[in-house]
Amino acid sequence: MSPSVKQNVSAKHRSPHRYPMGRTLVSLFGAPVAWVMQMSLSEPIAAYACYPRQVPLSAPLWVELPLILAVISLVCLAAGLLSGYVAWTSWRQIRNGSVVITKAANGHPDAGVDEGQTRFLTMLGMMSSSLFIVAIVFTCCAIFLVPPCSAWI
Amino acid sequence: MASADITERPIDDHLARVPEIGCAPPGSDIEVQLARTWESEPGWRGWLSTVDHKAIGLRYIVTAFIFLIIGGLEALLIRIQLARPDQTLLTPEQYNQLFTMHGVTMIFLYALPILSGFSNYLWPLLLGSRDMAFPRLNAFSYWIFLFAGIFMYVSFPLGQAPNGGWFNYVPFSGPTFNTGPNIDVFALGMVLLGISTSVGSANFVVTLFRMRAPGMTINRVPILVWGTLTASVANLLVIPSVSLAFFLLWLDRQMGTHFFDVANGGKPLLWQHLFWIFGHPWVYAIVLPAMGIVSDALPTFCRRPLVGYTAMALATMAVMLIGFEVWIHHMFATGLPTVALSIFGAASMVISVPSSIAVFAWIATIWLGRPVFKTPFLFFAGFVMLFVIGGLSGVMTAAVPLDWQLNETYFIVAHLHYVLLGINVFPVVGGIYYWFPKFTGRMMDETLGKLSFWVMFIGFNVGFFPMHWAGLLGMPRRVYTYSSRMGWDGVNMITSIGSFVFAIGVLIFLVNVVVSLKRGALAGPNPWDAATLEWATSSPPPAYNFAVIPTVASRHPLWEDRLDEGRGRSNFKEGLLLAEGREAISTSPIDAKPLAILKMPDDTSTPFFLGLFISLLFVGLLLHWWLFTAATAIAGSLALIVWLWPRKALAQRAMPQGDNNG
Amino acid sequence: MVEPVQLQSERLPVGSAGKLSGGWWGVQTLIVTEACLFGYLLFCYFYLAAQTEQTWPPDGLPSLLVPGANTLILLASSACVWAGERGVHQSRTGRGIAGLTAAIVLGTAFVAIQLMEWRNKPYGMTTDLYGSLYFTITGFHMAHVIIGLAVLLLLLVWAMLGYFDSRRYVAMTIGGAYWHFVDVVWLFVFSTLYLFPYL
């Protein structure tokens, strides 16, 4: 066996010159975190405002409840869109090759060659952002369409 | 060959060295040495002390399957009772205990442990590693699971089994209405089982990020690994919730605290929140790895790679992430305010997006491939259909008004069985057909296999589809009998017949297993001509898994030549040898570059004893034997100290120059 | 024909090498899951407190002096563990031993003061809902402190046996991380039980 392909998994140069980790993290987790925030803030506020103790109320505890919920939702939507934008630009940069994601370090031609993981992570970020922006919009629908403290029947 | 080079080495080899690269064909010195290092001692001692992930994985699978059979027999008893109106085979109390134990057994003692079994067996093989990151913890996790299972069944023969349903709502399960030991057994058993699940999950998470073969970058990891990883991360985050809930309930029942005590300001809904914060992610934890089984095994029978790898990886993680924020859809009928419910209804519907992505990826894989209709393929294709049916009824119940109509009826029972049997049992049985040659070195019988599939599939649909109808007719779940004037006679009879047909299908499968173990055709390393790493080693694999750690060059290491992708080919002949004692390679989380040579622990019975002492501690708590509890706590601590004691052999201790024979 | 890839290797650390060790990763998963446990405990507190119709806490606002001082003691013990670990890293085992000893003394003082605090409460675990919450949450934390003290004691024994040097001391890092976690969690418990009622 005479190996002619030089190795891409060399232990040298442990960190290939990767696309900035911060941007990757934002595009991967930005929208999900925004959605989780939207859910975890809206839920207790909406529940408590209409049913603080032993009996349900017919009107919310605070008059501004719809406004509070709307602000939370819009802020989270904006955060989701922002992370979606980051994901989108990262993806375009990687796709067009306008950002060199792997550099030959220290003159070793094969060291730190990217094996597609950067492309994979950016793609994952794009998909994750789109899905969770949809999720934020879904939650917004619930918040804007259902009147607070309304009776079900 | 590198065996000659490694005799000369620098003196401080025990703290850092250049790992040897070479070949180790079967029968070579290195291969023999590896076998000697990694094989467990024969006899009961070796059996008790082994930390081999393959032995542990198989134990998990067998034990969980035994629990499946027990739970199935309970279900059959229930179905006999419900086959006709006004039956008196079971008393209401017996019926309560049976349906509770059926649920507990299936959800907690079968569904996740069997997947842990698959993952334990397969992960190091899929990832090209010698073992899991924490072999001893792995053994410990199995022993605790076994003991917790036994613990939850101790009161069953006494007629005092848990009787509050698997989600065990207060106040019915509180001290006022449920005075026997039934619920205490359940509560403490669940805390005990939680220990097993948590440490198992920690092991999976760390294994993924550290134990992959060089070159297996994050975008080349099999989907099963994504599934189990996601499930494990979720378990780490939510198991504390249910353990705490059961512990607080036990405090309420035995110590007189007031967490769920309405008369003193406690809230029954606190139980429901804590339980379902855990419960819903758990539902995904017991299906995502099974979906991973399909995503990895289905392509083998379609003769092409999975369509949409990245989308599938994302769908897996997204389902779980959304799954954290939907628990209130189990509480739609509790009187929470409208907006609060609608938010969770909306979130529950979002789950259909990633689920559909997964379904279309499987369908596209079949569509674009050249399907080979072997038994595993049938199970996986059947799974896709059942997943769609179960998913559809799931979207229906995500709508709050419809859920009000359907809540606590047989419609929900139908939905959850479609989801859990469809997405867990079918992939698992298909997975056993698929990996049986790897487990045992023998093929399973195809004729019996196909027969078992069709009997199971028909029995399942005959049994569970009419339940939708029973639910729409208004039949509530968990009633021990019904009057014939309700008009539920026909559907119930059909369901009962279907359930027995399904059971016959499982029986045929079990017969197949027994027959094939003895007489199955011998399987080579890769009988299905599959693509992933586990098929690169012999069947069954040697104790050390891979004599040479594979160097991976693509997502489909065994299909590279025919797919002709990538710049290089995976290397199975020449690579890291790591033969100085039990060793494994640790690689970086994303790029899978070698970072360190890990010293792996030898076989030890400490995990068994630690598991035993902890389990006895729970027996002490159950019986209020406080001195006994204290004694077992001390014994457990001593076992833990023995376990953690820094060892020279594992290079955990300072070693003066020249003293490296620890 | 494309050739198989060839691995090139450089010198790699062997065994439990600091943060490359399995134990370091393991303790992080432990910390995550334990942090969740305390998160759920505090969730119980806020969930029940938000809906209560009693005065909260029923016996009036808690005194801050002793628990505040105790918090400082616990934080000081964390600093000692940190200094001890640094000492071992710099091959000054004596400093490591001193740091651990000081941390154990401070931790024990915390336990003693907390026990006194428990005894001075006019209510018990079963008196009312608040009592159940108070004693369960602080009880959980106390159990973690005691386990942490046992860990520190073990580290002290190992340090005295000469098991650690500047290259191999990962047990100190792991045990130290657990102790820091126990201390940080106390800040949350303290804020919830002692400071939150003042809001």
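**Group meeting: three chains and how they touch**

Okay, let's start on chain C: residues 96-113 of chain C are 100% helix and 0% strand, with the end C-alpha atoms 26 Å apart. Helices here are DSSP runs of H or I with at least four residues, strands are E runs of at least two, and both are numbered from the N terminus. Before I go on, this is a predicted model, where local features need pLDDT of at least 70, side-chain atom pairs count only at pLDDT 80 or more, and totals for chains, interfaces and linings use all residues. Residues are numbered from 1 along each chain as its sequence is written, and chains are lettered from A and ligands numbered from 1 in the order in which they are written.

That stretch is one of those that UniProt, in an unreviewed entry, annotates as "transmembrane region" in chain C; the annotation covers 29-48, 96-113, 133-164 and 176-196. The positions are given in the numbering used here, feature names are shortened, and annotations may be inferred rather than shown by experiment. Residues 29-48 of chain C also come out as 100% helix and 0% strand, with 29 Å between the end C-alpha atoms.

Chain A has the annotation too, again from an unreviewed entry, over residues 66-88 and 124-146. In the model, 66-88 of chain A is 100% helix and 0% strand, end C-alpha atoms 32 Å apart. For 124-146 of chain A it's 96% helix, 0% strand and 33 Å.

Now the interfaces. A contact means C-beta atoms, placed from the backbone, within 7 Å. Chain C puts 49 residues against 57 residues of chain B. On the chain C side, H1(C) has the largest share, with 15 residues. That side splits into 27 nonpolar, 15 polar and seven charged. Nonpolar here is Ala, Val, Leu, Ile, Met, Phe, Trp, Tyr, Cys and Pro; charged is Asp, Glu, Lys and Arg; the others, Gly among them, are polar.

Buried means 20 or more other C-beta atoms, placed from the backbone, within 10 Å of the residue's own; exposed is 12 or fewer, and partly exposed is in between.

Val170(B) and Pro171(B) are joined by a cis peptide bond, omega about 0 degrees, and Pro171(B) is in the loop between H5 (135-153) and H6 (182-210) of chain B. Trp56(C) to Pro57(C) is cis as well, with omega near -10 degrees.

Asn545(B) isn't a glycine, yet its phi is positive, about 70 degrees. Is Asn545(B) buried or exposed? Asn545(B) counts as buried, because it has 26 C-beta neighbours inside 10 Å. Ser91(C), also no glycine, has a positive phi of about 60 degrees, but with 14 C-beta neighbours inside 10 Å Ser91(C) counts as partly exposed.

Terms used
Contact = placed C-beta atoms within 7 Å.
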